[in-house]
Amino acid sequence: MKGGGGGGGGGGGGGKRRWKVLVIGVLVLVILSMLVPLAFLLGLHNGFHSPGFVTVQPASPFESLSRINATKHSQRDLSDRVDDVLHKINPVLPKKSDINVGSRDMNRTSSSDSKKKGLPVSPAVVANPSPANKTKTEASYKGVQGAIANADETQKTCEVKYGSYCLWREENKEPMKDAKVKHMKDLLFVARAYYPSIAKMPSQTKLTRDMKQNIQEFEKILSESSADADLPPQVDKKFQKMEAVISKAKSFPVDCNNVDKKLRQILDLTEDEASFHMKQSVFLYQLAVQTMPKSLHCLSMRLTVEYFKSASLDIEDSEKFSDPSLLHFVIISDNILASSVVINSTVLHARESKNFVFHVLTDEQNYFAMKQWFIRNPCKQATIQVLNIEKLELDNSDLKLSLPAEFRVSFPSGDNSASQQNRTHYLSLFSQSHYLLPKLFHKLEKVVILDDDVVVQRDLSPLWDLDMEGKVNGAVKSCSVRLGQLKSLKRGNFDTNACLWMSGLNVIDLARWRELGVSETYQKFYKEMSGGEESREAIALQASLLTFQDKVYALEDKWALSGLGYDYYINTQTIKNAAILHYNGNMKPWLELGIPQYKSYWRKHLNREDRFLSDCNVNP
């Protein structure tokens with residue numbers, strides 16, 4: 001009995017123990033099932049928000065496994081978030097280098113923060129983004145580059161269509177003085193569009209009457225006002241009334257076709273008005289470019305009066321004018337200040353200015369003013385001769401001063417002719433007056449011709465030591481424009497791949513010129529091409545290019561830099577390295593329309609102490 005009882009008790013004790021083990025096992029499983037999602041959630045929470053302090057060493061192997069999985073997931077999400085941030089900031093970054101710098105800074109910050117907080121740093125985020133993320137970044141960057149390219153393209157298209165006016169207009173934009181007037185016109189247009197539909201509604205008699213009254217009031221105000229200053233004092237209340245009436249009219253179902261028709265008419269009228277004003281602005285811009293400023297005209301008149309009033313002593317050293325051993329410069333100009341800047345800048349950088357002789361060819365109107373200016377403002381030891389081209393005794397009985405001709409050329413920048421991106425260049429070539437030089441200076445063998453829109457930054461004496469290899473004209477060639485790209489060249493045999501030469505700085509071998517009969521060749525070509533529908537400028541362009549074909553010696557590019565009269569984006573270091581700066585284009589430095597960042601190179605060679613400059617308000 002005892003043994004049986006003891007066996008039964010032992011079996012009961014074993015059953016209890018097994019039951020306890022099962023209960024403990026179930027509890028452990030329940031606890032583990034709770035810890036798994038908790039550890040996972042903690043991992044995500046740390047990955048997104050990075051709160052407080054996190055232990056570096058995990059407490060148990062299971063917790064370590066959970067942390068590794070959570071870290072991998074957080075790294076993927078962090079990489080996606082970095083790409084999202086890059087995508088958001090991309091539109092405001094103009095260059096890829098900026099994007100890369102931003103990414104590096106972001107990664108550097110993330111790395112340092114992670115180290116401080118005890119989080120593992122992901123190599124994928126710091127150095128090598130995943131291929132998918134890289135594709136996203138590159139796609140967003142291409143979008144940015146496309147937007148920038150479209151902006152540049154729009155700017156270039158504007159420049160091609162309207163010259164450089166649009167660029168100047170952006171720089172000199174003034175606040176609108178008729179903003180309220182324009183807003184009134186817009187409201188009036190909308191009210192007129194809705195009025196016919198509202199008038200057909202019998203139940204909206206009051207609204208129809210209010211709309212008609214507001215339309216009449218706006219028409220009366222606009223007939224008497226062209227700027228905001230002309231508007232009556234109570235105009236703000238009228239704005240509120242009109243906006244309230246229009247808002248109420250929009251709440252009713254109206255005939256959409258009628259409204260659409262009216263708004264389209266308004267759009268057409270607005271486009272026509274905008275086009276008219278743009279063309280008018282461009283015309284006024286061209287007028288300002290091609291006419292002499294009032295201040296320069298005043299300066300010329302005052303100097304002319306002063307010349308005859310003071311009976312200035314005109315002491316000229318005629319022996320130097322025809323001495324072939326000296327260095328002779330020729331300037332053809334009717335602009336006193338421009339000629340003065342050319343001579344001042346040349347003499348300033350000369351090693352021995354006493355060997356320099358300047359011959360300024362001008363017209364009869366500016367002849368005495370030019371002489372008086374250089375009598376009042378001599379240039380060190382240099383010699384200056386002013387010639388009136390209209391009084392010279394040459395074979396031509398009717399001599400008129402003609403300045404170097406400038407031609408505006410625009411063509412697609414790429415190989416595809418249908419491309420909308422265009423390049424614009426201004427080509428300056430010899431005028432009729434240049435072909436008179438061999439007869440004017442029959443005792444000289446070599447001269448350097450300088451246009452009046454240049455500034456000299458180096459000593460030009462080495463130009464007389466050049467071996468021109470039998471060529472007549474030493475000039476800087478512009479290979480960005482080739483003869484085959486000029487549509488106006490319809491006659492003659494041209495090398496279509498030849499680079500164009502430019503005036504501005506030209507070394508002329510007068511002896512070789514006379515030997516080859518260059519002036520006679522030019523006159524021959526000019527007469528053969530005359531008589532058609534082409535303009536004189538187009539004929540002169542073709543005749544000049546034909547005349548000097550195979551007669552131009554290419555100077556090194558460092559001698560002259562062109563484009564300062566139309567190109568806003570010339571590198572500053574390139575400007576400093578050039579021997580001569582050529583302001584070819586419409587935006588001359590003595591005009592208000594000149595490009596501001598290039599004016600300082602011209603202004604510093606101007607003698608501002610002369611009292612006539614202040615009297616005539618000359619402030620280029």
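A salt bridge here is a side-chain nitrogen of Lys or Arg within 4 Å of a carboxyl oxygen of Asp or Glu. With that in hand, here are some close-ups of this predicted model.

**View 1. Arginine 611 and aspartate 615 pair up in a salt bridge.** Their closest N and O atoms sit 3.6 Å apart, which is within the 4 Å cut-off. Both belong to helix α21, and because they are four residues apart, about one helical turn separates them. Arginine 611 comes out as partly exposed at 41% relative accessibility, and aspartate 615 is partly exposed at 41% too.

**View 2. Aspartate 615 also meets arginine 302 in a salt bridge.** The N to O distance is 3.5 Å. Aspartate 615 lies in helix α21 and arginine 302 in helix α11, so this pair ties together parts that are 313 residues apart in sequence. Arginine 302 is partly exposed, at 33%.

**View 3. A disulfide joins cysteine 298 and cysteine 616.** The sulfur atoms are 2.2 Å apart, and the link is left-handed, with -70° about the S-S bond. Cysteine 298 is in helix α11 (residues 294-310), while cysteine 616 is in the segment after α21 (611-615), 318 residues apart. Cysteine 298 is partly exposed at 26%, whereas cysteine 616 is buried at 7%.

View 4. Arginine 512 is partly exposed at 25%, but glutamate 515 is exposed at 59%.

Methods:
Residues are numbered from 1 along each chain as its sequence is written. This is a predicted model: local features need pLDDT of at least 70, side-chain atom pairs count only at pLDDT 80 or more; totals for chains, interfaces and linings use all residues. Side-chain values use heavy atoms; hydrogens and water are left out. A disulfide is a pair of cysteine sulfur atoms within 2.5 Å. Helices (H or I, at least four residues) and strands (E, at least two) are DSSP runs, numbered from the N terminus. Buried means under 20% relative accessible area, exposed over 50%, partly exposed in between (1.4 Å probe, protein chains only).
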